[in-house]
Amino acid sequence: MTTVYFPGFRLGKVLATSFTGTLSERYGETLERIPVPSRLADWLAVNGLAVDSCTQSQLDRARELRESIHTAATAVANQDPLPSSAVQVINDCSTQGLASAILTSEGGRKWRLSSPSVEDALSVIAADAIGLLAGEQEGKISLCASPTCRAAFLDTSRGGTRKWCDMNTCGNREKKARFLATKRNSSSLAG
């Protein structure tokens, strides 16, 4: 029996940007974290949006939403106008599902899908993206400083100067590269 390996999910605090993180290293060796419909269902379940099943066409629609959110977030980070095609996909996905916000006993918000369908789950992600892109969340949309990543993230740091989408991945990789370059330069000067 062959075991199929799927890359782990990179989870964040903002649903919409976590969803865009299902495609990593956009400008390097691209890593697709939802390569098959069942992995989209897994990602949705991990994020409290469990669905009964997922088809290839639903996965294709989810990827279209993901790329539209990333395109729009990139435009916001660069202070460019929102691309109308991305806005259209986000709005369409938002209105095609039926989900309700529920207040938890701990005072948080959770989503209840009207049915365990991918369309309902995508509507929640699209609604979160709309709130993020409209500036309704504290912080600013930024892009990862890694030239191979460029993931969108919500910068909530005190001075709004966060550079990396994730310090444990991109930040550490860039710091390690800088350290090794400095070490090589020191070795060549000493030799």
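This report walks through the pockets, nonpolar cores and salt bridges of the structure above.

The model is predicted, with local features needing pLDDT of at least 70, side-chain atom pairs counting only at pLDDT 80 or more, and totals for chains, interfaces and linings using all residues. Residues are numbered from 1 along each chain as its sequence is written, and side-chain values use heavy atoms, with hydrogens and water left out.

Let's start with the pockets. A pocket here is an open set of points on a 1 Å grid over the protein atoms alone, where a 1.4 Å probe fits, with protein on both sides within 12 Å along at least five of seven lines; lining residues have an atom within 4 Å of a point. A volume is the space filled by probe spheres set on the points, which are joined across faces, edges and corners. The largest pocket has a volume of about 430 Å³. Its lining has 19 residues, and Gly12, Lys13, Phe153, Arg162 and Cys165 lie nearest the centre. Strand S6 gives the most to this lining, with three residues (strands are DSSP runs of E, at least two residues, and helices runs of H or I, at least four, numbered from the N terminus). The second largest pocket has a volume of about 270 Å³, and Lys13, Arg109, Trp111 and Asp128 are among its lining residues.

Turning to the interior, a nonpolar core is a set of buried Ala, Val, Leu, Ile, Met, Phe, Trp, Tyr and Cys residues joined through side-chain atoms within 4.5 Å. Buried means under 20% relative accessible area, exposed over 50%, and partly exposed in between (1.4 Å probe, protein chains only). The largest core has 37 residues, of which Phe19, Leu40, Leu65 and Ile125 touch the most other members. Helix H5 gives the most to this core, with nine residues. A second, separate core of seven residues includes Cys144, Cys149, Cys165 and Cys170.

Finally, the structure holds six salt bridges, each a side-chain nitrogen of Lys or Arg within 4 Å of a carboxyl oxygen of Asp or Glu. Three of them are listed here.

| Pair | N to O distance |
|---|---|
| Arg39 and Asp42 | 3.3 Å |
| Arg61 and Glu64 | 2.6 Å |
| Arg66 and Glu67 | 2.8 Å |

Arg39 and Asp42 both lie in helix H2, three residues apart. Arg39 counts as buried because its relative accessibility is 12%, whereas Asp42, at 35%, counts as partly exposed. Arg66 is buried at 3% relative accessibility, and a network of salt bridges links Arg66 with Arg26, Glu32, Arg63 and Glu67.
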